[in-house]
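Subject: Handing over the structure

Hi,

Here is the structure I promised to pass on to you. Have a look at it first, and then read on for my notes.

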Amino acid sequence: MRDSLKLFAVRGINIRLHITFPLILIWVVLQFGLLTGQGWDGALFGVIVTLLLFGIVVLHELGHSIAAQNYGIGVQEIVLLPIGGVARLETIPENPRKELVIAAAGPAVNFALAVVLLVLDAVFGLGGRFDSPEQMVAAMTTVSVPAIFNYIFVVNLFLALFNLIPAFPMDGGRVLRALLATRMDYVRATAIAVTIGQSLAWLMGLWGFLSGAFFLILIAVFIYLGAGQEGQMVQVRHVLRGLTVRHAYSRQTRALPPDATLEDAVQHILTGFQTDFPVCTGERLVGLLTYKRIVEALNEHQPGKVVSAVMLTDVQPVAPDDDLFKAQRRMIEENVDVLPVVEGGRFLGLLTSHDVNEVYLLASAQPNLLPNLEKTGVMRSG
Ligand code: ZN
C-alpha cells in the first residue's frame, strides 16, 4: 500500500502528495483563522498561500530533479510532506561538482522566482503600495492580491535562505560537503560537514530554548538527526564499497516446504538461530515467512495453519552479485530485515540485516579480510 497519492508527472517524475498533507491545511485554517482572529477570511488566506507555497516547493524539488536528470541520474518521484518536499534520486553522486550543482539547483529556483516576482511587481504593481511596513504587515492576512503576493515573495526568499543553512539534510549541507570534497576525500568531507551541521543544530536548539521558540527546537532536532543519518550512510557506503550480497548472505538456511505449519516454524525458532524462513519447493523459492509475519499469523490463525496460506509472496529477491550497499538501502527503505537470495531461479540463502551489520563491523576493522575470504570455500545451503 502506498502512503501517497499521485498528482501529476513532469519529465517522467511522479509528483505525489503524502497522506499526512491535509494536516498542514487543518493547521493553517486554525493558525490563520482562529488564532489571528481573522475568521474565515484568514482561513481562506492561509489555504491559498499554503497551496501556492507547495507549488513553489514542487518547483524547488524539480530544480534538484532536472539537474540530476541532466547528469543521467534517475529521479523516482517527488513527495510532498507537511514539512516540505523530497525528491527521491536514484543515487547522490559522489562527484563534488555534480553534487554541488544538484544541491544548489533547488535554492537557485527560489532566487530565480524572486526575480520573476520582482519584475511582475515592477510591471503590474502586484505587491501594492504601502505607506509604512506596519501597514503592509497589517494587510498580510486579508484575501487580496497584494497580501498574497507579498506573503509568497517573503516565504519564497525564506525557503531559499533556510535551505542554504550549511547542515544536512538541508541543501546547504550538501553544498558545504561538495565544496570540502574538492579539497579532501569524500568521507572526511562528509564527517566535517556533519560536525558543522550538528554544531549549528545545537546552537539553534539552545537559541530556541532560551527564547522559548518551541518550533526552533524541533527544527534543531530534525537537523541534528538528519546530519547524523547522512554521516552514517556515507560511512556504511564507504565500508561496503566493492562488496556484494555474496560476501554477506547466510548459506546454511533452513527452508520450509509449503505444507509445513506455523507450529513447525515456531519449533525451529525456539530450537535454533533462525527466525525467518524461506518457503521452497525443491530449489525454487515460493514465498517468505518472516518472524514478523509468523507473529502476525499466529494472532489470526491456529498453529496448525499451513505456511503457504500466510507466507509473503511479493518479496523481490536479490542476486549474489548485487551490490551489498544497495541491498542494505533497500532493506531500510522497505523496512524489512531479510531478503531472499536467488540466482537463475534457484534459492541460495537469506540476507538479513544482521548479516549486513556483521560484514560492516568486520570490514570496518579489516577492510581486506572479506574479499579474500570469498575466494576460499563457499558453503551451500542444505
Ligand atoms: Zn532542496
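Helices (H or I, at least four residues) and strands (E, at least two) are DSSP runs, numbered from the N terminus.

Please keep in mind that this is a predicted model, where local features need pLDDT of at least 70 and side-chain atom pairs count only at pLDDT 80 or more, while totals for chains, interfaces and linings use all residues. Residues are numbered from 1 along each chain as its sequence is written, and side-chain values use heavy atoms, with hydrogens and water left out.

First, the overall picture. The chain has 13 helices and 8 strands, and its C-alpha atoms fill a box of roughly 85 × 55 × 45 Å along the principal axes. Of its 382 residues, 43% are buried, meaning under 20% relative accessible area with a 1.4 Å probe, counting protein chains only (over 50% is exposed, and in between is partly exposed). Among contacts (heavy atoms within 4.5 Å) with a separation of 6 or more, 60% link residues 24 or more positions apart.

Now to the sheet. It is an open one of 4 strands, in the order S1-S2-S3-S4, with mixed pairing. Strand S1 (4–10) and strand S4 (84–89) are its edges, each pairing on one side only. From one strand to the next, the twist averages 25 degrees; axes here are lines fitted to C-alpha atoms, for helices over the stretch in contact, and angles run from 0 to 180 degrees between N-to-C directions.

S1 and S2 run antiparallel and are joined by 6 bridges, with Leu-5 standing opposite Leu-17 in S2. Together S1 and S2 make the hairpin, with 2 residues between them, and Arg-11 in the turn has a positive phi of about 50 degrees. Strand S2 (residues 13–18) also runs parallel to strand S3 (residues 75–81), and 4 bridges join these two.

Lying across S1, S2, S3 and S4 is helix H2 (residues 39–70), which runs at about 160 degrees to S3. At 3% relative accessibility, His-60 counts as buried. Leaving aside residues up to four places away in sequence, His-60 touches Gly-106, Pro-107, Val-109, Asn-110, Asn-163 and Asp-171. His-60 and Val-109 are 49 residues apart along the chain, yet their C-alpha atoms are separated by 5.7 Å.

Asp-171 leads us to another helix, as it is one of the buried residues of H6. Helix H6 (residues 171–181) is largely enclosed by the rest of the structure, because 10 of its 11 residues are buried. Those buried residues pack against H2, helix H3 (96–124), helix H5 (145–163), helix H7 (186–211) and helix H8 (214–240).

Finally, please look at Arg-293, in helix H10 (residues 291–300). Is Arg-293 buried or exposed? Its relative accessibility is 15%, so Arg-293 counts as buried. Beyond residues up to four places away in sequence, Arg-293 touches Glu-300, Val-310 and Leu-312.

Enjoy exploring!

Best wishes

Note on methods: Pairing = 2+ DSSP bridges.
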